Amino acid sequence: MFVDTATLFVRAGSGGAGSAHLHSEPFKPRGGPDGGDGGGGGDVVLRVDPELFDLAWLADHPHQRAGKGGAGARNRRHGADGEELVLAVPDGTVVRDERGPVADLVGPGASVVVARGGRGGRGNASLATPRNRTPRTAEPGEPGEEHRVELELRLVADVGLVGLPNAGKSTLLAAMTAARPKIAEYPFTTLSPNLGVAGDEGRFVVADVPGLIEGAHEGRGLGLTFLRHVSRCRVLVYVVDATGDPAADLATVRGEVAAYDPELAGRRALVVATKADLLAGPAAGLPAGGADLLVSGATGDGVEALRERLAGEVAAARAAAPPPQPFVVVRPGRDPFTVRREGERFHVAGRGVERWVAEADLEDPRQVADLQRRLVRAGVERRLAEAGARRGDEVVIGTTTFEFIPEEEIGDGDQA
Ligand SMILES: Nc1nc2c(ncn2[C@@H]2O[C@H](COP(=O)(O)OP(=O)(O)OP(=O)(O)O)[C@@H](O)[C@H]2O)c(=O)[nH]1
Ligand SMILES: [Mg+2]
């Protein structure tokens with residue numbers, strides 16, 4: 001079964017714990033802290049593998065996690081970094097998570113990190129400061145990110161064949177390319193998209209999707225969901241059966257495409273009437289019902305002309321717009337600190353801010369002023385104000401409690 005959507009629950013590795021080891025040797029006085037840092041947790045990465053054509057494997061294996069970082073150890077030994085987990089996705093996979101779009105992975109090797117590993121905790125050797133030369137504790141590792149990731153495949157093809165069921169789309173794909181899709185005399189033979197490569201020079205990729213019927217936009221037949229696989233196509237080919245009522249069929253199909261996406265309805269397009277071999281004598285060779293070309297997928301009549309015409313259209317469309325590029329939404333790193341209100345008190349937690357406070361000598365007014373400037377620059381003051389902190393409220397950072405005095409008032413305070 002062709003699967004073109006999947007939901008994943010990804011979890012990156014957590015960072016390893018720092019070590020709180022104190023150096024010791026037999027018959028020697030106890031030495032200083034020598035606990036090493038924990039290793040970083042592994043990321044979860046999605047990467048395009050051109051050999052892959054759908055999301056079936058991932059849909060069946062939705063829970064994916066990367067490796068944990070190893071713990072730090074005595075002698076300042078660093079923990080091992082957790083193993084990165086690389087998941088293969090087909091070309092054209094669109095990635096979203098709870099926060100919105102994440103990436104559009106087009107082209108072999110395009111990749112994105114969907115969950116970042118946690119940083120390793122610092123060991124007591126790294127935590128030693130002039131104020132605390134022998135810390136007896138170390139940091140735990142940071143947890144890895146966890147996300148719910150929605151994947152949606154949008155095939156990357158240059159030309160998309162759309163038409164009513166049984167119009168002859170798959171037959172045309174088989175005539176133009178080496179693809180061998182299933183062909184049969186009943187409607188809805190094609191249940192999932194097929195891709196083929198046409199032409200030697202000026203190669204282009206053709207996608208054949210399941211047929212549309214009137215009311216597809218209301219979910220009739222197989223509905224419109226397969227149209228997303230032609231949404232990237234530079235050129236659409238409306239395929240109509242020349243032996244039926246090509247003008248009426250064309251109107252139906254165009255109407256459904258427009259209901260799906262007006263932009264797609266305005267895409268560069270050709271109308272091709274097929275099954276020309278079935279037309280009685282004189283009509284053969286004449287475009288039927290407003291078609292640009294009359295061909296026969298069965299005998300191959302007109303197929304070479306169609307291929308040349310399409311090569312030209314694709315080349316023109318490529319010249320007008322650059323090929324699709326992968327995009328990856330760059331998100332800022334995780335918030336360096338959090339602000340939490342507890343009654344009249346505000347707690348600021350975060351590795352960086354806690355370290356600045358721990359390392360500053362609060363007896364030294366210059367260092368206090370420096371610390372304050374750093375906190376303001378990092379946005380701590382603004383976030384406290386947003387959280388409702390007012391002058392005089394207590395703010396706890398690490399093990400130290402401060403009084404909240406917004407910066408504009410500090411100058412006055414100094415002079416007073
Ligand atoms: N004589 C003749 N028969 C054709 C031609 N093209 C398609 N057919 C026949 O029409 C029927 C439908 O062809 P398909 O290519 O499966 O049509 P389709 O548009 O892919 O149909 P769905 O996948 O069901 O949407 C088959 O029996 C084909 O053999 C043609 O040019 N000439
Ligand atoms: Mg078909």
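A residue is called buried if 20 or more other C-beta atoms lie within 10 Å of its own, exposed if 12 or fewer do, and partly exposed in between, with the C-beta atoms placed from the backbone. Glu354 has 17 C-beta neighbours inside 10 Å, so it counts as partly exposed. The structure discussed here is a predicted model, in which local features need pLDDT of at least 70 and side-chain atom pairs count only at pLDDT 80 or more, while totals for chains, interfaces and linings use all residues. Residues are numbered from 1 along each chain as its sequence is written, and chains are lettered from A and ligands numbered from 1 in the order in which they are written.

The mean pLDDT of the chain (pLDDT is the predictor's confidence in each residue, from 0 to 100) is 88, and 94% of the residues reach 70 or more. Over residues 410–416, in contrast, the pLDDT is below 50, and this stretch has 3 contacts in the model beyond near neighbours in sequence. Here, two residues are in contact if their C-beta atoms, placed from the backbone, lie within 7 Å.

The overall form comes next. The chain contains 10 helices and 19 strands; these are DSSP runs numbered from the N terminus, with helices (H or I) of at least four residues and strands (E) of at least two. Its radius of gyration is 32 Å, whereas a compact globule of 416 residues would have a value near 22 Å. This radius is taken over C-alpha atoms, and the globule rule is 2.2 Å times the number of residues to the power 0.38. Along the principal axes, the C-alpha trace spans about 105 × 60 × 35 Å. Of the 416 residues, 40% count as buried. Among contacts between residues at least 6 apart in sequence, 68% join residues at least 24 apart.

The chain is divided into domain 1 (5–153), domain 2 (159–320) and domain 3 (338–415), with bounds that come from an automatic or database domain assignment. The C-alpha centres of domain 2 and domain 3 lie 66 Å apart.

Which residues come nearest to ligand 1? Of the 24 residues around this ligand, they are Gly168, Ser170, Thr190, Gly211 and Ala298. A residue is near a molecule if its C-beta atom, placed from the backbone, lies within 6 Å of it. By class, the shell has 9 nonpolar, 11 polar and 4 charged residues. In this scheme Ala, Val, Leu, Ile, Met, Phe, Trp, Tyr, Cys and Pro count as nonpolar, Asp, Glu, Lys and Arg as charged, and the others, Gly among them, as polar. Helix α3 (residues 169–176) gives the largest share of the shell, 3 residues.

Is helix α3 enclosed or open? Because 7 of its 8 residues are buried, α3 is largely enclosed by the rest of the structure. The buried residues are Lys169, Ser170, Thr171, Leu172, Leu173, Ala175 and Met176. Their cover includes the strands β9 (159–163), β10 (194–198), β11 (204–208), β12 (235–241) and β13 (269–274), together with helix α6 (303–320).

Most residues other than glycine have a negative phi. Asn75, however, has a positive phi near 65°, and Arg76 has a positive phi of about 60°. Asn75 sits in the loop between β3 (63–65) and β4 (85–89), and Arg76 is placed in the loop between β3 and β4. Asn75 counts as exposed because it has 12 C-beta neighbours inside 10 Å, while Arg76, with 18 other C-beta atoms within 10 Å, is partly exposed.

A few further positions complete the picture. Gly221 lies in the loop between β11 and β12 and is partly exposed, with 18 C-beta neighbours inside 10 Å. Leaving aside residues up to four places away in sequence, Gly221 touches Leu212, Ile213 and Ala216. Gly221 and Leu294 are 73 residues apart in sequence, and their C-alpha atoms are 27 Å apart in space.

Beyond residues up to four places away in sequence, Glu354 touches Ala349, Ile397 and Gly398. From Glu354 to Gly392, 38 residues apart along the chain, the C-alpha separation is 21 Å. Arg383, in helix α9 (residues 380–386), counts as partly exposed, with 16 C-beta neighbours inside 10 Å. Arg383 and Thr338 are 45 residues apart along the chain, and their C-alpha atoms are separated by 8.7 Å.
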